[in-house]
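These are my notebook entries on a structure that I had not examined before.

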Amino acid sequence: MAYNCVVLIKQVPDTKRITGQAMNEDGTVNRAALPAIFNPEDLNALEMALQIKDTCGGKVTAVAMGLPAASDVLREALFRGADDAVLVTDRRCAASDTLATSYILSCAVKKLKADIVLCGRQAIDGDTAQVGPQLAEKLGITQITYVEEIKELKDDEISVKRNTGNGWQQVKTKLPVLLTVIDEANTPRVAGAKMLMKNKKARTPAELEGDAGKIKELEQKGLLIKQWDLDFLEADMQWCGRDGSPTKVHRIQSVVLAAKGTKQIEATQDGLNDMIHELIVDHTIG
Ligand SMILES: Cc1cc2nc3c(=O)[nH]c(=O)nc-3n(C[C@H](O)[C@H](O)[C@H](O)COP(=O)(O)OP(=O)(O)OC[C@H]3O[C@@H](n4cnc5c(N)ncnc54)[C@H](O)[C@@H]3O)c2cc1C
């Protein structure tokens, strides 16, 4: 049986390359100062979807919500083997917290009628790991988080191994299902030369500056990255953007970790007791 897989991909600032300009004066992220990359665990989610397609057939669609520049990660998904790409972009998405983000993404995924939805476990910028589970909730489908391996996929049933941190669980459920995938799951394939040549001209309508002739030409060649806004998604505006975001940021603090020397702890029961006492007094634990 062939499966329709939808992979959620977030374009994120490369948090490994933080410089002095990474923060604006008001404490918000200066995205312009950081290179934008494919969220690492979304590469693992994409690889899992591509392996499903390799084994069972079907289709892999990559979906990203973000600024128009997020088309870069969608092109990369096409280079790596995705069949189709959708960019959800709209100024009214700005200021969306995870609840609004997952609502907007759910409107897009519903249009794609997926058997299996795959997300990374966590994005390296927001870091909440909330979007996958919230998206499953809004789609009304089963979710399996921390997926390390698909053990079996047959007809409308999937069995996966999930990593619980101190062990593993094997979980079986009916499709449709949403999986959040961890980086231990696989080694993502690199872009293939054939796919790169085929898709290097793939563009969104915005990148073609709305030129109707060029849009039609790319559509006929299967090279148009779909671009959906909130009107197309028939999204309820009360759940989008600032209005749909109950999270309020009260204060942003710059945390500087400064080492104050080291302390040798004796490897004895007394040494450990002293250390635990000190950590409790410091309010580090307890
Ligand atoms: C009050 C508030 C205002 C905010 N305003 C803005 C803003 O104006 N602009 C802005 O860019 N961010 C904004 N954010 C951040 C935004 O809410 C998060 O980036 C977003 O909800 C994803 O959360 P996360 O990064 O924790 O992802 P996680 O939950 O850690 O991501 C898990 C997985 O979900 C999927 N996923 C997550 N986000 C996306 C996406 N956008 N597209 C496709 N797949 C995705 C990926 O597969 C990812 O691996 C705001 C946040 C708050 C709290």
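This is a predicted model: local features need pLDDT of at least 70, side-chain atom pairs count only at pLDDT 80 or more; totals for chains, interfaces and linings use all residues.

I looked up Asn-39 and found an N or O atom of its side chain 3.2 Å from an oxygen atom of the ligand. I count a polar contact as a pair of N or O atoms within 3.5 Å. For Asp-42, I noted a polar side-chain atom 2.5 Å from a ligand oxygen. For Thr-101, the side chain has an N or O atom 2.9 Å from an oxygen atom of the ligand. On its own the ligand has 950 Å² of accessible area (Shrake-Rupley method, 1.4 Å probe), and the protein covers 79% of that area.

Residues are numbered from 1 along each chain as its sequence is written, and side-chain values use heavy atoms, without hydrogens and water.

I found 29 residues around the ligand, of which Lys-10, Asp-42, Ala-95, Ser-96 and Thr-128 come nearest; a residue is near if one of its heavy atoms lies within 4 Å. I recorded β4 (58-65), α3 (98-112) and β6 (116-120) as each supplying at least two shell residues. Helices (H or I, at least four residues) and strands (E, at least two) are DSSP runs.

I located Ile-252 in the loop between β11 (226-228) and α7 (269-281). Its relative accessible area is 43%, so I list Ile-252 as partly exposed (between buried, under 20%, and exposed, over 50%).

Terms used: A polar contact is a pair of N or O atoms within 3.5 Å; within protein, one must be able to donate a hydrogen and the other to accept it, and residues adjacent in sequence count only if both atoms are side-chain atoms. Buried means under 20% relative accessible area, exposed over 50%, partly exposed in between (1.4 Å probe, protein chains only).
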